[in-house]
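I opened this entry to keep track of what I looked up. My notes follow in the order I made them.

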Amino acid sequence: MVLLGVGGVSKMRVTKDLVAASATPMVLGILAKGESYGYAILKQVSELSGGELEWTDGLLYPLLHRLERLGYVESTWHTAPSGRRRKYYRITEQGRAELASQRQQWTTVVDALKGIWHTTGSLRPVIAGRLEG
Amino acid sequence: MVAIDGDKDLESQIAEWRSYVRRRSAVHEVDGEELEDHLRSMVGELTAAGLRPDEAFLVAVKRMGSLDELSREFAREHSDRLWKQLVLAGSPDAGTPATASSRSDLLVMALCTAAAVAAVKIPVAFGYGFDDEGTFYARNLSLLVLPPLAAYFAWRRRVRPGVVAVLALLFALGAVGANAYPLGDDAQSTVLTALHLPLALWLVVGVAYVAGDWRSSRRRMDFVRFTGEWSVYYVLIALGGGVLTGVTVGTFQAIGIDASNFVESWLVPCGAAGAVVVAAWLVEAKQSVIENMAPVLTRVFTPLFTAVLLAFLVAVLWTRTAIDVERDVLILFDLLLVVVLGLLLYAISARDPVAPPTIFDRLQLALVVSALAIDVLVLLEIAGRIAEWGSTPNKVAALGLNVILLANLAWSAWLFAQLIRHRAPFTPLERWQTGYLAVYAAWAWAVVLVLPPLFDFA
C-alpha cells in the first residue's frame, strides 16, 4: 500500500513505508477535528510534524479518494468567494471507527517500541551513527 | 505592469499544466479541478512568502509530484476508469452544461423510441397482424421504424426546414412505392420491395444524419461509420433481447403461464423497433468514448476472408470444376460481394488518409481482386443461362446488384493498386466509396418504384 511516495522532496526524514502506513490515520485524525480540503490537510501534516514529514502533494488525492470509496470520508464541493470550486472532505461514523481502531494499533506499536528503546537506550547513538554514515 | 504580466503568465502556465493532467485517462476532470485548486493554494502561499509567480509555480508543480506517478496512483485507486464507461445520463462532471443537453437528448430519444414502438403496434389495431397479413409488415416495416430515427437525427442536428420537407417527401414516396402498386402477396416484386425499401430509406435517414449536407464526402463517410457501429449495437441489443425473451418464456412456463403470445406480439416487435432508435442514440452518445467496433472486426476478418476466397479460387482452378450455377447462386455471390464491400468500406472508414500504404492495404487489394475473380467466373457461367431462364424481377434485381457491386470493386481495386504503387493518394478511394452511396440509393429506389410496373407487378 504505497500510496504516498517520496517524490521529489529531498528533505524527507521518514521512510516511504512508514509515511504510507501512517497516512490514513493522519488524514482521518485531521478530518476528525473538522471538515477540510486537500491543501489544508497537507499543511497541517507538515505543521504537526514540524516539517519533518512531507508528502508528495498530488498523492494525497488518490488516498482521499480511496478513503471516500471505503466510506471513511464524504466529500462535497463548495464554491469559494473567489468563484473557484473546492472539494471538502468530512469524516463519517465509519471513518471514526476506523480511526479508533488504527489509533489502538499505533498505540500498541509505539508502546512496544518505547519499551524497546528503554531497554536498549545505550545502543541508540551507535545505530543512528551507522544509519547516517 | 510586471505583476499583470506575471499573473497572465501564471494563468497560461496553470492552463498548460491542467491540459497535461486532462490527457491522463485515470484523472478525471473533477480531479483535475481539485488538483488545480491545490496548485493555486500552494502558489498563493509561496508568492505571499515573497516568491515570484513563475518560481512559485515551479515549486508547486514540483511538490505536486510527477504526472506519471500521479496518474499511476489515480489509476490504482480508480482502475475502473481505464475502462471507458458510457455514461447514460449526465456526465461525471456534474453541473457542467453538457448535462442539460444530454438530458434533453435522452428525452427526445425516448420519444422517438416510443414513436417507433407505437408505429409498429398501431397497424395491429387496424387488423394487420404479424402472421396473417404478413406482407403488410414485410413491405412497410422500414417505413414504420425509420421515420422516428430520421426525426431523432433531424432534432439532434437541428436540420433546416427545407431538409425536413425533403425527408418527409422521400418517406412519402417510399410509402407510395410499398403500397400503391397492386402487388400480390406472393409476387417476386413484393419480396424485392421488402428487401430494397429498407436500404433506400436507410439512406434517407443518412440525409437526416448528415443534416442535409449530403454532398460532403466526409459527412457521408461519417454516416457509413455510423451504420457500422449501429449494426454492432443493434446485434448486441438483439442478443440481450434474445436472453430476455428466453427468460420470460421460461420463467412464466414454470408457473404454468404461457407467455409466448406476449413475447411474439409485444416483446419482440416492440423491442426490435425501439432498439433501432436506442442503438442510434448509443452510437451518438459513445462515439468519442469507445473505440469503433466495425473497423476492429474488419481487421480481424479481412485476412480470414481473403484466405478463404483465395483457397476457393485455387480449388476452382485446380479441380477445373465449373461453379454449379443454381438459380440462387447469384444471390449467394451478391452476398459475398456485399461482405467484401463491407470489409473494404470499414477499413477505409478507419484509415488515416495521409498514412502511407501498409501491408493491410495489400491484403485489401488481394481480397478485392480475389472476390472480383470469383464473381467474374460466376458471371461467365451464368451469362449463357440468363436468356434460357427468361428475365424475372428477381433475376434483374440480383444481376443489377451484382453489376453495381462489381463496378464498385473493380474501380476500388484499381485505386488500391494506384495507392500501393504510390501513384495516387488515399482520398480518391474514399471519395469513390462515398460517391457510390448515391448509386446504391438510385438502385434501391429503382427496384422499389420502377421494377414492379416493368414486370407487370409479377
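How many bridges join E1(A) to E3(A), and do they run parallel or antiparallel? I found two bridges between E1(A) and E3(A), and the two strands run antiparallel. I noted that the model is a predicted one. I then looked at Ser36(A) and saw that it stands opposite Tyr89(A) of E3(A).

Next I looked up the whole sheet. It is open, has three strands in the order E1-E3-E2 of chain A, and pairs antiparallel. Strand E1 (36–37) and strand E2 (73–79) of chain A each have a single partner strand, so they stand at the edges with one side lacking a neighbour in the sheet. I also checked helix H1 (residues 16–32) of chain A, which lies across E1, E2 and E3 of that chain and runs at about 95° to E3(A).

I then went through chain A from end to end. I listed five helices and three strands, and from the N terminus on they follow the order α-β-α-α-β-β-α-α. Of the 133 residues in chain A, 27% are buried. I looked up the contacts in chain A between residues at least 6 apart in sequence, and 51% of them join residues at least 24 apart.

Last, I turned to the other chain. I found 18 residues of chain A in contact with 19 residues of chain B. Helix H2 (38–48), helix H3 (60–69) and strand E3 (85–91) of chain A are the elements that give two or more residues to this side of chain A. H3(A) gives the most, with four residues. By class, I noted five nonpolar, seven polar and six charged residues on the side of chain A that touches chain B.

Technical notes:
Residues numbered from 1 in each chain as written. Chains lettered and ligands numbered in written order. Predicted model: local features only at pLDDT ≥ 70, side-chain atom pairs only at ≥ 80, totals over all residues. Buried ≥ 20, exposed ≤ 12 C-beta atoms within 10 Å, placed from the backbone. Contact = placed C-beta atoms within 7 Å. Nonpolar A, V, L, I, M, F, W, Y, C, P; charged D, E, K, R; others polar. Pairing = 2+ DSSP bridges. Axes fitted to C-alpha atoms, helices over the stretch in contact; angles between N-to-C directions.
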